[in-house]
Amino acid sequence: MITTCGSNLKEIYLRGCKKITDVSILKIAELCPQLEILDISTGSRYGDFDKVYVKDVTDNSIIQICERCKNLKVLDLEGCKITSKTSEAIITKCFFLEKLNLRYVEPQVVETISEALYSSGCLPHLRTLETNYTGGFLR
């Protein structure tokens, strides 16, 4: 379906799909340049912590999403294996981002984003930043 409709797709919801990998996300980045919403979260919301798991989605594919999907407004990365490399891509490439979920990612990712928000005013449209890590916000 993505191969046929990808250029027109604006929203993709894959919350809770355990078999999503970098290969899948790289294909989305390649075929869906008009994407505005990408949800690849673990689906562990509302206290369902026993379902939190680390997915096979890493910096490699999320950086490509940031670079190729210029209209991205919502990016839900809950539980993804990302590092500060992804933070840098989000900060520099996702100008229109309004909502970002970084629950259950490495604390350095959240700190990098929060420091950039505080010091440089990047991501001017960001209205919601979800995280379960508060270290970077308590200074």
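How are helix 3 and helix 4 oriented to each other, roughly parallel or roughly antiparallel? I shall answer that for the predicted model shown above, and then turn to the rest of the chain.

Two packed helices are described by the angle between their axes and the distance between the axes. Here, helix 3 spans residues 59-68 and helix 4 spans residues 84-93. Their axes come within 9 Å and cross at roughly 5°. Angles under 35 degrees count as roughly parallel, and helix 3 and helix 4 are therefore roughly parallel to each other.

As for the residues involved, helix 3 contributes D59, I62, I63, C66 and E67 to the contact. From helix 4 come K85, T86, A89, I90 and K93. Sorted by class, this contact comprises five nonpolar, four charged and one polar residue.

Of the 139 residues, 45% are buried. Among contacts with a separation of 6 or more, 75% join residues 24 or more positions apart.

Finally, the aromatic rings. The count comes to one aromatic pair, formed by F95 and F96. Their ring centres lie 5.1 Å apart, with 90° between the planes, an edge-to-face arrangement. F95 counts as partly exposed because its relative accessibility is 46%. F96, at 37% relative accessibility, is likewise classed as partly exposed.

Technical notes: Residues numbered from 1 in each chain as written. Predicted model: local features only at pLDDT ≥ 70, side-chain atom pairs only at ≥ 80, totals over all residues. Heavy atoms only, no water. Phe/Tyr/Trp six-rings, centres within 6.5 Å; stacked < 30°, edge-to-face > 60°. Buried < 20%, exposed > 50% of the residue type's maximum accessible area, 1.4 Å probe, protein only. Axes fitted to C-alpha atoms, helices over the stretch in contact; angles between N-to-C directions. Helix = DSSP H or I, 4+ residues; strand = E, 2+ residues; numbered from the N terminus. Parallel < 35°, antiparallel > 145°, perpendicular 65-115°, else oblique. Contact = heavy atoms within 4.5 Å. Nonpolar A, V, L, I, M, F, W, Y, C, P; charged D, E, K, R; others polar.
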